[in-house]
Amino acid sequence: MRRPCAGRSGSRRNMRICRFASAAGTRVSSTCRPRRRRRSSPPPAGRRDMNTVPVAEIKHMAVHDGPGMRTTVFLKGCPLHCIWCHNPECISAAPELLFRAARCTACRRCEAVCPHRAHRFTLNGHEFRRGLCDGCGACAEVCPAGALTLCGRSAAAGELYDELMEDADFYRISGGGVTLSGGEPLLYPAFCRELFAVLGRAGIHRALDTSAAVPWEAFETVLPETDLLLVDFKHPDSGRHRELTGQDNRLIRENLRRLQAAGVPIEIRIPLVPGCNDAPEELEAAAGFLAELPCVVRVKLLAYHSFARSKYEAVGRPDTMPEVPSPDGDEMEAAAARLRARGLAVLL
Ligand code: SF4
Ligand code: SF4
């Protein structure tokens with residue numbers, strides 16, 4: 001049996017070299033070698049193959065996206081624009097170049113290869129003119145410092161299946177599986193169904209992390225191949241939901257009601273964001289609605305944090321979230337108590 005290597009962890013491909021083998025002076029086995037870096041380039045904007053999806057990231061050894069150890073695939077494209085979004089690189093479905101200026105060593109290789117002269121060096125240093133970039137990825141390929149990363153490689157279900165099955169032993173040992181997240185994976189329902197179907201035939205647990213802000217037909221397509229739904233519930237009031245996310249919550253509430261007939265277990269995920277949805281009356285209104293849904297097996301409260309701020313700069317998006325502290329342990333417990341008072345099982 002292949003032995004699991006504790007060194008294959010984290011979400012960054014360039015970190016997947018066994019830390020423990022080298023520290024212990026042991027040899028790295030053939031099952032423990034760094035993974036191949038997949039470099040399929042994205043097609044030009046507007047010419048994406050119908051059978052492929054834009055992948056932002058594949059995170060291995062995830063422990064917060066369903067039961068056990070999981071591999072989570074983050075897809076690009078989202079119908080909502082939450083002001084606290086932790087994955088701003090997943091909002092647009094188009095390939096995007098992430099530029100982390102602090103890592104740039106001014107080697108100027110990007111300037112040499114860019115066909116659109118999007119990189120320019122002046123007395124002020126490295127200027128990246130995002131408006132000229134078409135996301136071809138050529139500069140990211142040659143950047144030696146990790147300052148440039150192309151987010152949004154195009155991948156088909158079969159290609160992803162092979163990559164995801166590299167972690168099959170970990171799924172089996174831990175009771176884990178694969179989670180599709182984003183962004184909004186249900187923007188690509190046919191892809192989700194195709195991938196989940198082959199994973200299901202291999203006995204792999206499948207979870208879908210969704211905003212539920214999608215047409216019901218998308219759920220109908222993927223539900224027969226889904227073991228667990230992770231559904232965000234951001235605010236109980238439709239008007240406030242629109243202010244915070246760009247859309248009211250009528251479609252989300254309607255989808256949650258219709259999902260009760262499908263019988264697929266649902267974990268509700270509430271991002272607890274100070275000043276946005278953490279008032280007692282807001283939590284009680286959310287609890288009142290969720291307590292009426294029999295397929296909701298638990299509610300997970302996720303504490304807001306500001307770790308994503310640097311990603312806004314890297315992807316060139318304005319960060320409109322006000323400075324607020326993360327909820328502390330007492331605040332999380334108090335919020336959980338309000339939900340439990342309505343009979344909901346709550347995880348922190
Ligand atoms: S991704 Fe392509 S177009 Fe964009 S800056 Fe890099 S080389 Fe230029
Ligand atoms: S290739 Fe990378 S390190 Fe070199 S100048 Fe461009 S961004 Fe900076």
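Trainee: At what angle to strand E12 does helix H12 run?

Mentor: This is a predicted model, in which local features need pLDDT of at least 70 and side-chain atom pairs count only at pLDDT 80 or more, while totals for chains, interfaces and linings use all residues. Helix H12 (residues 329-340) lies across strand E11 (266-272), strand E12 (296-303) and E13, helices (H or I, at least four residues) and strands (E, at least two) being DSSP runs numbered from the N terminus. Angles run from 0 to 180 degrees between the N-to-C directions of axes, which are lines fitted to C-alpha atoms, for helices over the stretch in contact. Relative to E12, H12 runs at about 160°.

Trainee: Which strands are the edge strands of the sheet?

Mentor: Residues are numbered from 1 along each chain as its sequence is written, with chains lettered from A and ligands numbered from 1 in the order in which they are written. The open sheet has 9 strands with mixed pairing, in the order E7-E1-E2-E8-E9-E10-E11-E12-E13; two strands pair if DSSP finds at least two bridges between them. Two of these strands pair on one side only, namely E7 (153-156) and E13 (346-347).

Trainee: Which residue is the bridge partner of Thr-52 in E7?

Mentor: Strand E1 (residues 52-62) is joined to E7 over 4 bridges, in the antiparallel sense. In E7, the partner of Thr-52 is Ala-156.

Trainee: Which residue of E5 stands opposite His-119?

Mentor: Strands E4 (residues 119-122) and E5 (residues 125-128) run antiparallel and share 4 bridges. The hairpin that joins E4 to E5 passes through 2 residues. Opposite His-119 stands Phe-128.

Trainee: Why are H10 and H12 described as oblique, and at what angle do they pack?

Mentor: Angles under 35 degrees count as roughly parallel, over 145 as roughly antiparallel, 65 to 115 as roughly perpendicular and the rest as oblique. H10 (residues 280-290) and H12 have axes 8 Å apart, and their orientation is therefore oblique. The angle at which H10 and H12 pack is about 40°.

Trainee: Which residues of H12 make the contact with H10?

Mentor: Two residues are in contact if their C-beta atoms, placed from the backbone, lie within 7 Å. H10 contributes Pro-280, Leu-283, Glu-284 and Ala-287. From H12 come Ala-335, Arg-338 and Leu-339.

Trainee: How many charged residues does the contact of H4 with H6 have?

Mentor: The axes of helix H4 (residues 157-164) and helix H6 (residues 189-201) come within 10 Å and cross at roughly 40°. H4 supplies Ala-157, Leu-160, Tyr-161 and Leu-164 to the contact, and H6 supplies Phe-191, Glu-194, Leu-195, Val-198 and Leu-199. The contact has 8 nonpolar residues and no polar ones, and its charged count is 1.

Trainee: Which residues come closest to ligand 1?

Mentor: The shell of 13 residues holds 8 nonpolar, 4 polar and 1 charged. A residue is near a molecule or strand if its C-beta atom, placed from the backbone, lies within 6 Å of it. The closest to ligand 1 are Cys-114, Ala-118, Cys-133, Cys-136 and Cys-139.

Trainee: Which residues come nearest to ligand 2?

Mentor: Around ligand 2, the shell divides into 9 nonpolar, 2 polar and 2 charged residues. Of the 13 residues there, the nearest are Cys-104, Cys-107, Cys-110, Cys-143 and Ala-145.

Trainee: What is the omega of the cis peptide bond between Gly-182 and Gly-183?

Mentor: Gly-183 lies in the loop between strand E8 (177-181) and H6. The cis bond joins Gly-183 to Gly-182, with omega about 10°.

Trainee: What is the phi of Arg-108?

Mentor: Arg-108 is placed in the loop between strand E3 (96-99) and helix H2 (109-113). Its phi is positive, in a residue other than glycine, and is near 70°.

Key
Nonpolar A, V, L, I, M, F, W, Y, C, P; charged D, E, K, R; others polar.
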